[in-house]
Amino acid sequence: MSPLRPLAVLLLIGCCSPALAQPLAPPPVAAPLPPPRSLLGPDGPDPRDRPPPLAPPGSVIAPINRPDGRLEAALRARLFAGPVAASPAAAGDPDQTEWEQARATAQRPGCADVGPLRYLHNRIDLDGDGRLETVAVVVGSFACASGGCSLLVFRDVDGSLELVAENGLFQSPLTVISNRHRGWLDLTLPASLHGAPDGLKELRFDGRTYRPVPLPGTEGSSTGPPGTVVLELLPLPFERLGHPLPCGP
C-alpha cells in the first residue's frame, strides 16, 4: 500500500465532513434617534403653516345666503356712532362721561344719516384653530370710495364677534390663498390707483390685524396666486347685492 494513500483518505474525509456550526453574529446596534423637534417653539415651524383644507384653487365659495343679526350688530357698532361705556376714571362724573362719549363718536355718523347699505359675508377658518372667522363687505355710498368698499374680518370669541381687521380696500373678488403669516391665511384682492386697476394687493396678518402689501409682479394684471374666492360682487343691481344693513335689530 502506498504511504500516500492514508493521507489521501484523511484529506477526503476532511473535505466532506460537515462544517462546525458558527455562532450567529449579533445585529449591529442602531444609533438612537434624535428627539423630535418642537413644532411650537423657535426650533420648528408653526403647525398651522400648512396648506388649508380649502376648496381646490380656482373655486368660488358663494356668500352666505341669509342675514346674520349678530354680524349686523357688529357692523353697526364698528361703522356708526352709538353709546359707549365710560371709563372707570369717569365713573360718577356725568360731564366726563358725556365728554368721552362725544369724543369716541365724533368721527362716526349715525346709521340713519348715511343712506342705504348692504353687506355680503362668508365664513372660513383663517387661523387654523377649527373655528370659523367671518369676512364681510359693506357696500353703499357711505361705505365705498375710489379705493374700494369697507372690508371687515371678525373672529368668534366666546360667542361674540371681535374685530380683527377693517379697511376700505375691498374690490371684487376677495381670494384666500394657502400662504400664511403668523398662522393666518393670506388674502388677495384687486388694487386700484385713483379708481384705475393697479394689480393686486395681499393682506397679511401681522399678529394683530391684516395689513395690505403690494403683490410684486402683478402691476397691470389681475392674475395672482391660485386660491379660493370667498367674496365676489356680481354685476347685479344694488338692491340685489347681499342683505340690507338695518339701523336696528
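Helices (H or I, at least four residues) and strands (E, at least two) are DSSP runs, numbered from the N terminus. The structure is a predicted model, in which local features need pLDDT of at least 70 and side-chain atom pairs count only at pLDDT 80 or more, while totals for chains, interfaces and linings use all residues. Residues are numbered from 1 along each chain as its sequence is written, and side-chain values use heavy atoms, with hydrogens and water left out. The structure holds two disulfides (a disulfide is a pair of cysteine sulfur atoms within 2.5 Å).

**Disulfides**

- A disulfide is a covalent bond between the sulfur atoms of two cysteines.
- Cys-111 is joined to Cys-247, with an S to S distance of 2.1 Å.
- This pair links distant parts of the chain, 136 residues apart: Cys-111 is in the loop between helix 3 (94-105) and strand 1, and Cys-247 is in the segment after strand 11.
- The torsion about the S-S bond of Cys-111 and Cys-247 is about -85°, so this disulfide is left-handed.
- Cys-111 counts as buried because its relative accessibility is 13%, whereas Cys-247, at 45%, is partly exposed. Buried means under 20% relative accessible area, exposed over 50%, and partly exposed in between (1.4 Å probe, protein chains only).
- The other disulfide is formed by Cys-144 and Cys-149, whose sulfur atoms are 1.9 Å apart.
- Its S-S torsion is about 105°, so the disulfide of Cys-144 and Cys-149 is right-handed.
- Cys-144 is partly exposed, with a relative accessible area of 26%, and Cys-149 is buried, with 10%.
- With the bonded cysteines numbered in sequence order, the pairing is 1-4, 2-3.

**Helix 2**

- Helix 2 spans residues 69-79, and its buried residues are Leu-71, Glu-72, Ala-74, Leu-75, Arg-76 and Leu-79.
- The cover over these buried residues includes strand 1, strand 2, strand 4 (148-157), strand 5 (160-170) and strand 11.
- At the start of helix 2, a side-chain oxygen of Asp-68 comes to within 3.0 Å of the backbone nitrogen of Arg-70. This is a polar contact, defined as a pair of N or O atoms within 3.5 Å; within protein, one must be able to donate a hydrogen and the other to accept it, and residues adjacent in sequence count only if both atoms are side-chain atoms.

**Two loop residues**

- Leu-233 sits in the loop between strand 10 (228-231) and strand 11 (243-244).
- Leu-233 counts as partly exposed because its relative accessibility is 26%.
- Residues up to four places away in sequence aside, Leu-233 touches Leu-120, Val-139, Phe-170, Ser-172 and Leu-241, where contact means heavy atoms within 4.5 Å.
- Val-137 is 96 residues from Leu-233 in sequence, and the two are 9.4 Å apart in space, C-alpha to C-alpha.
- Asp-127 is in the loop between strand 1 (118-124) and strand 2 (133-139).
- Asp-127 counts as buried, at 7% relative accessibility, and its side chain reaches the backbone nitrogen of Asp-129 at 3.3 Å.

**Largest pocket**

- The largest pocket holds about 230 Å³ of space.
- Of the 15 residues that line the largest pocket, the closest to its centre are Pro-63, Leu-120, Glu-232, Leu-234 and Gly-242.
- On a 1 Å grid over the protein atoms alone, a pocket is an open set of points where a 1.4 Å probe fits, with protein on both sides within 12 Å along at least five of seven lines; lining residues have an atom within 4 Å of a point.
- Grid points are joined across faces, edges and corners, and the volume is the space filled by probe spheres set on the points.
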